[in-house]
Amino acid sequence: MKARRTPPVPYEMVDHTGDLGVVLTAESLSDLFAAAGAVLADLLYDPAPVAERETREVVLEAASSEELLVRWLNELLYLREVGEFLWKTVEVEAGEGTRLTATLRGEVFRPGKHVPRGGLKAATYHQLRIFRERDAWSARIIFDV
Amino acid sequence: MEETQQLPVTRLDECRFQVGPVPGMRVPGIVYADEEMMRDMIDSMSLQQVANVAHLPGIVRASLAMPDIHWGYGFPIGGVAAFDPEDGVVSPGGVGYDINCGVRLLRSGLSRESLKPRMKDLVEGLFRNIPSGVGSHRKDLRLDVRELRRVLERGAGWCVSSGYGGAADLDCIEEGGCIAGAGPDLVSDRALERGRNQLGTLGSGNHFVEVGYVAEIHDEAAARGLGLEKDAVTVIIHTGSRGLGHQVCDDFIGEMIRAAAKYEIHLPDRQLCCAPLGSEEGRRYLGAMAAAANFAFANRQVVTAYVRQTFEEVLGMSPRETGLSVVYDVCHNIAKFEEHRVAGKIRRLCVHRKGATRAFPPHHPDTPAIYRSIGQPVLIPGDMGRYSYVLVGTEKAYEETFGSTCHGAGRMLSRTAARKLARGRPLVRELEDRGIVVRSEGRMTLMEEISEAYKDVARVVDVCHRAGISKKVARLVPLGVIKG
């Protein structure tokens, strides 16, 4: 089932000395990936002034849901860096946990209109964890800053 | 998920502590620190990471950590580990995402006093000419793929033949600004796409260009040999391989996770994923990593050209008058084959330095000829509000740490904690009151990079000096900084 998220999405910061970590919770695996995308937007720039003028489609596969999460976040970092694309709404369908299709709605960065918040090099596998407790899915991700 | 366990820590001497052994460690961990530093890190993830690295196959002598050690991902930041080519491994996590992140120091013929009235203009000019911040690029330097592959093959040498600097610059760069064996064909299209317009850019995070001056000289003869005079203006450039390097690391971490499973390598942390040095996966990573490292050398070379251009424009001087020349350029995130003496025998080893600097002794063939009697220069940036150090490598470093020493101050506060501490403070004014002009792409970086977020680099350097793994030469104080 598809899940859609728009920032702000609640998350906890992991107190990592060198880098930056987040823990977030969602209602389903698709929702977890959508929420992670929205949190990443919030970390990289102020999503408020981003208009939903353009879309980007993402399709990914990986060996595990954890690898899929790292690949997903690094794909978003790539879109931010190379195409200067800023997303606002993230719609994800993560079937079986190892395949993901997503639609991002947002626009290309415009100095003056958009406010960058910080740079992240990559999502890492360090202490990476996706876990399910009853109906809630959580993930812990550490980014290299 | 890995857990922190209480590790046995034994003091070996004034500046060294042994971590472990615990079951699974093939060699002990050795951490260079003073007593207070060790007290602060005793229950931390960083010591656990030192122990984790010691689990990897083919590790030689010890899993080492320098006094600026802090929690990284996989390897600790400040970690050094050498592996045997026969049964050892190479790990992208032991290099980091920013392949060949490093530091370059320029000296000048200018005095601190003469520059003072022009510092604001100079910082403004540097900020204009050197793109900084996330995804920063210059519109006038976008390479096609063919040219970019040449950069990956030739490193700083490509820049010199393209008019960015002179041949003398290359003599004062680690590996001459080009690591042999680079495989541009092993770099993905995606990594090439990220690198195409990022040559000559700073990026974000802790990267910077800093104009400063020689405030104190600790070793007159060595300082003279390095061309550093009291009160002379210097420039430090700290940046790496930008998005190209991040992408190479990311591409290979996926591959190495599969390789570690294929070769049945037990990993205490997935981010330590690795492949045997002799395997196809290992060789491919080393080729791609060398290409990314060469991109970083080229990046610092182009930034140097922009620094020279800015000084000339703003001060209305000729290159001869500004006299900006390269003292040295070091990598602090790298894996390289080097020869080291182990138990009396010379062995070729793959040395990983992640947040650590090579510190080769006087008379070593890889120490540049002009510094042969002094030792290889080592450049240790501090935080933007205090000072940085120039050191030289020593025989003891060559004996004990595979010729390695620290790389910086080392973070003490998380970025969240630093932001909390900086909230509401007039940071630019605070620095200006201390005689430092600062310009940054965003306020967030300044908040995360406040002095209080870092250990005092003087303490870190002092431990390395007392341990004998490098020798203090000069202290540099900032006058103007641009940040990503």
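Is Glu175(B) buried or exposed? Glu175(B) is buried, with 21 other C-beta atoms within 10 Å. A residue counts as buried if 20 or more other C-beta atoms lie within 10 Å of its own, as exposed if 12 or fewer do, and as partly exposed in between; the C-beta atoms are placed from the backbone. The model is predicted: local features need pLDDT of at least 70, side-chain atom pairs count only at pLDDT 80 or more, and totals for chains, interfaces and linings use all residues. Residues are numbered from 1 along each chain as its sequence is written, while chains are lettered from A and ligands numbered from 1 in the order in which they are written.

Glu175(B) also has a positive phi of about 60°, although it is not a glycine. Glu175(B) lies in the loop between α7 (167–171) and α8 (189–195) of chain B. Helices (H or I, at least four residues) and strands (E, at least two) are DSSP runs, numbered from the N terminus. Glu264(B) has a positive phi too, of about 55°, and is not a glycine. The loop that holds Glu264(B) runs between α10 (242–262) and β10 (275–276) of chain B. Glu264(B) is exposed, with 7 other C-beta atoms within 10 Å.

Cis peptide bonds come next. One joins Pro7(A) and Pro8(A), with omega about 5°. Pro8(A) is found in the loop between β1 (3–5) and β2 (12–14) of chain A. Another joins Gly20(B) and Pro21(B), with omega about 10°. Pro21(B) lies in the loop between β2 (16–19) and β3 (29–32) of chain B.

In chain A, helix α1 (residues 29–44) has 16 residues. From first C-alpha to last, α1(A) reaches 23 Å, close to the 22 Å expected at 1.5 Å a residue. The expected span is 1.5 Å times one less than the number of residues. Of the 16 residues of α1(A), 14 are buried. The axes of α1(A) and α2(A) come within 11 Å and cross at roughly 35°. Axes are lines fitted to C-alpha atoms, for helices over the stretch in contact, and angles run from 0 to 180 degrees between N-to-C directions. Among the residues in contact are Phe33(A) and Leu40(A) of α1(A), with Leu69(A) and Trp72(A) of α2(A). Two residues are in contact if their C-beta atoms, placed from the backbone, lie within 7 Å. This contact has nine nonpolar residues, two polar and one charged. Ala, Val, Leu, Ile, Met, Phe, Trp, Tyr, Cys and Pro count as nonpolar, Asp, Glu, Lys and Arg as charged, and the others, Gly among them, as polar.

In chain B, the axes of α4 (residues 119–129) and α11 (residues 280–315) come within 9 Å and cross at roughly 135°. That makes α4(B) oblique to α11(B). Angles under 35 degrees count as roughly parallel, over 145 as roughly antiparallel, 65 to 115 as roughly perpendicular and the rest as oblique. α4(B) passes α11(B) in a right-handed crossing. Their contact has five nonpolar, four polar and two charged residues.

Finally, 28 residues of chain A are in contact with 37 residues of chain B. On the chain A side, the largest share, five residues, comes from α2(A). By class, that side has 10 nonpolar, nine polar and nine charged residues.

Key
A crossing is left-handed if the near helix is turned anticlockwise from the far one by less than a right angle, and right-handed if clockwise.
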